[in-house]
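Please open the model in a viewer and keep the selection tool at hand.

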Amino acid sequence: MRLIGLKRGAELLRLSGVAEYHTSYRVSVGLSDDKKDLIQNGPDLQDFISGDLADKTAWSDYKGSLKRQKGERNLNLHTVCEEARCPNIGECWGGGEYGTATATIMLMGDTCTRGCRFCSVKTAKKPPPLDPDEPYNTAKAIADWGLDYVVLTSVDRDDLPDGGAEHFARTVSLLKERNSKILIECLTPDFRGDKNAVETIVRSGLDVYAHNVETVPALQRQVRDPRANFEQSISVLRHAKTVRADVVTKTSIMLGLGETKEQVYDTMAALRDADVDCLTLGQYMQPTKLHLKVEEYVTPEKFKHWEKIGNELGFLYTASGPLVRSSYKAGEFFLKNLVQKRKIKAA
């Protein structure tokens, strides 16, 4: 993607000059709504890259090969792909250039017990009880979809004794019973650092254990809920490897929150020291005006730099780019092949 930030930045400065030397009345009359919004709120990610962010996946035109049956809506399943209107949905669901059809399913409801300042998921101290039929319904639906790779994730459920680990694990087990060839990644909460909960999920039959540290250690308190922290998160990832040395571990970092280059490097090095296998880095985007503001729109060149650093540090896979998310299509293609090779070697 081609940078156009200098051009847009110059326009912003010019408009700011207009605001400085003219009355507010004349500015409001003389400028378009888009330009007034630019002065008030500053540029966004679209101003720094050319093309449509949803280029290949316009929702109104989506014709992917994965067709959800009408009856599955009645199963009350939630895909992160749809809930978050992910721009990669057509590529992931349809298989795309990598030929690996994927989807991300959110378990345990849509209400979280935590309130991280980057996340727009609704919160409550006591969310609705778990749906006991969800593991079966999820396994049945996914098996029928014919996916190659599925990511199971969830909200935090600190109101539950095990954080929902058994519910998570049962979903994995039932899905593997229906389709032993499908590869399953579990993107889990930190379970308050409960190692028994982590072990329950690692032993469920999953292929990839993922948990996101989200940001560098220095920014944890201002970005995440106070009950989360870097050491707790890294201990979860480390323990997953202790339980099953062959499991692939994965995490994700958001950039653009005010972190320094030194902090990013140190964080990546700490993750490798914890034997984390795969890392994704993407641009933080403010979901609403009530959430943390974007401090920096990181250039594609900087993202490429961190991808190079990740490879040098020894990550098996590093996906780094403005639109990269923790469940990222190309990464799942790589992980699919990695897991399959490890299974062949173990056999």
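Select F230, I234 and L237 in helix α11, which meet T267, A270 and L271 in helix α12; contact here means heavy atoms within 4.5 Å. By class, this contact of α11 with α12 holds five nonpolar residues, one polar residue and no charged residues. Ala, Val, Leu, Ile, Met, Phe, Trp, Tyr, Cys and Pro count as nonpolar, Asp, Glu, Lys and Arg as charged, and the others, Gly among them, as polar.

This is a predicted model, in which local features need pLDDT of at least 70 and side-chain atom pairs count only at pLDDT 80 or more, while totals for chains, interfaces and linings use all residues. Residues are numbered from 1 along each chain as its sequence is written, and side-chain values use heavy atoms, with hydrogens and water left out.

Next, display α11 and α12 (residues 261-273) whole: they pack at an angle of about 35°, with their axes 10 Å apart. Axes are lines fitted to C-alpha atoms, for helices over the stretch in contact, and angles run from 0 to 180 degrees between N-to-C directions. Helices (H or I, at least four residues) and strands (E, at least two) are DSSP runs, numbered from the N terminus.

Now turn to the largest nonpolar core, of 33 residues, where I142, V150, L152, I184, I201 and Y209 touch the most other members. A nonpolar core is a set of buried Ala, Val, Leu, Ile, Met, Phe, Trp, Tyr and Cys residues joined through side-chain atoms within 4.5 Å; buried means under 20% relative accessible area. Elements giving two or more residues to this core include β1 (102-107), α8 (165-178), α9 and α11. Helix α8 gives the most, with five residues.

Buried residues make up 50% of its 347 residues.

Technical notes
Buried < 20%, exposed > 50% of the residue type's maximum accessible area, 1.4 Å probe, protein only.
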